Amino acid sequence: MTSGASRHGLVVPAVATLAALAVLISLGTWQLERRSWKEALIARLEERVAAAPTDLPARASWERLEADDREFRRVTVSAAFVPGEEALVYTAGSGLRPDISGPGYWVFAPARLADGSVVVVNRGFVPEGRQDPKTRPDGQAAGTLALVGVMRWPEARGLFTPADNPDRNLWFVRDHRAIAAARQWGVVAPFFIDQEAPLPPGGLPKAGRVTPRLPNNHLQYALTWYGLALVLVVVFLAWTRSRRPAPLRAAQE
């Protein structure tokens with residue numbers, strides 16, 4: 001094979017290698033950008049859950065609230081739970097509540113404010129076997145309570161999330177609006193509240209402070225992509241060297 005033919009045979013592999021190299025480097029750089037974004041997000045959430053609670057925003061502003069601005073902000077509100085109404089959302093554990101281990105259920109319940117508005121409250125966790133309110137009678141709240149908690153927005157349903165079973169009052173996604181519609185709780189706030197206080201007599205449902213723990217592995221991912229880019233370069237150089245005519249390789253050695 002002539003040197004010209006050899007060089008011609010390198011064009012397509014070289015172009016493919018450069019294209020793959022550009023993709024790998026771009027992925028690594030994107031992961032570094034995601035790392036900066038994630039660090040800022042973690043700092044913002046930690047600041048919110050550590051701040052003193054403020055009054056719940058006025059009813060007139062609810063539909064204008066945005067999750068990015070309000071999620072995990074601590075609030076306080078006076079409300080009375082609607083007697084006999086609750087829904088169970090299955091959980092296998094919680095990355096936001098280190099004091100919780102599953103399997104068990106989040107107890108969602110409608111709470112009525114003084115102006116008649118309804119806010120859905122995640123009252124806390126009950127373990128498997130304590131789904132029936134009759135097994136935890138001390139936890140049935142009565143009268144107006146000064147609730148403290150963090151504002152949350154509905155979570156999205158995953159690809160492999162089981163279907164809800166409204167007939168059994170069993171849910172698999174913390175989508176309080178879907179729950180409210182099925183349970184006929186009427187119009188509810190676009191957010192729900194994860195209750196941290198007061199703690200109910202008897203301890204169930206188990207309310208508590210949330211602790212956002214977001215994974216931040218983007219640096220490892222970036223190093224992986226950059227490492228693959230380096231390996232690709234080394235492999236390509238070794239391959240091109242192996243394609244040189246033997247006399248030329250011997251002369252260079």
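**Close-up 1. Salt bridge between Arg-209 and Glu-196 in the predicted model**. The side chains of Arg-209 and Glu-196 meet with an N to O distance of 3.5 Å. Glu-196 counts as buried, at 10% relative accessibility, whereas Arg-209 is partly exposed, with a relative accessible area of 42%.

**Close-up 2. Network of Asp-69, Arg-70 and Arg-73**. Salt bridges that share partners join Asp-69, Arg-70 and Arg-73 into one network. A search of the whole structure gives 13 salt bridges.

**Close-up 3. Salt bridge between Glu-63 and Arg-177**. The two side chains meet at 3.1 Å, N to O. Because Glu-63 lies in the loop between strand E1 (54-55) and helix H2 (67-70) while Arg-177 belongs to helix H3 (residues 176-183), the pair ties together parts that are 114 residues apart in sequence. Glu-63 is exposed, with a relative accessible area of 52%; Arg-177 counts as partly exposed, at 37% relative accessibility.

**Close-up 4. Salt bridge between Arg-174 and Glu-155**. The closest N and O atoms of Arg-174 and Glu-155 are 3.5 Å apart. Arg-174 is in the loop between strand E7 (170-171) and H3, and Glu-155 is in the loop between strand E6 (144-152) and E7, so this pair ties together parts that are 19 residues apart in sequence. Arg-174 counts as buried, at 16% relative accessibility, and Glu-155 is partly exposed, with a relative accessible area of 31%.

**Close-up 5. Aromatic pair Phe-108 and Phe-192**. A search of the whole structure finds seven aromatic pairs. In the pair shown here, the ring centres of Phe-108 and Phe-192 are 5.1 Å apart and the planes stand at 55°, so the pair is classed as tilted. Phe-108 lies in strand E4 (residues 101-113) and Phe-192 in strand E8, and the pair links these distant parts of the chain, 84 residues apart. Both Phe-108 and Phe-192 are buried.

**Close-up 6. Aromatic pair Phe-236 and Trp-239**. The rings of Phe-236 and Trp-239 have centres 6.1 Å apart and planes at 35°, so this pair is tilted. Both residues lie in helix H4, three residues apart, about one turn of the helix. Phe-236 counts as buried, at 18% relative accessibility, whereas Trp-239 counts as partly exposed, at 31%.

**Close-up 7. Aromatic cluster of Trp-62, Trp-153 and Phe-191**. The side chains shown are those of Trp-62, Trp-153 and Phe-191, which form one aromatic cluster.

**Close-up 8. Arg-123 over the ring of Phe-81**. Arg-123 lies over the face of Phe-81, at 4.7 Å from the ring centre.

**Close-up 9. Nonpolar surface patch of Val-11, Val-12 and Val-15**. Together, Val-11, Val-12 and Val-15 have about 280 Å² of accessible area and form a nonpolar patch on the surface. Val-15 lies in helix H1 (residues 3-50). Val-15 counts as exposed because its relative accessibility is 52%, with the cut-off for exposed set at over 50%.

Technical notes: Residues numbered from 1 in each chain as written. Predicted model: local features only at pLDDT ≥ 70, side-chain atom pairs only at ≥ 80, totals over all residues. Heavy atoms only, no water. Patch = residues over 30% accessible without salt bridge, like charges linked within 9 Å, V, L, I, M, F, W, Y side chains within 5 Å. Areas by Shrake-Rupley, 256 points an atom, 1.4 Å probe, with all protein chains shown as cover. Salt bridge = Lys/Arg side-chain N within 4 Å of Asp/Glu carboxyl O. Helix = DSSP H or I, 4+ residues; strand = E, 2+ residues; numbered from the N terminus. Buried < 20%, exposed > 50% of the residue type's maximum accessible area, 1.4 Å probe, protein only. Phe/Tyr/Trp six-rings, centres within 6.5 Å; stacked < 30°, edge-to-face > 60°. Lys NZ or Arg CZ within 6 Å of the ring centre and 35° of its normal.
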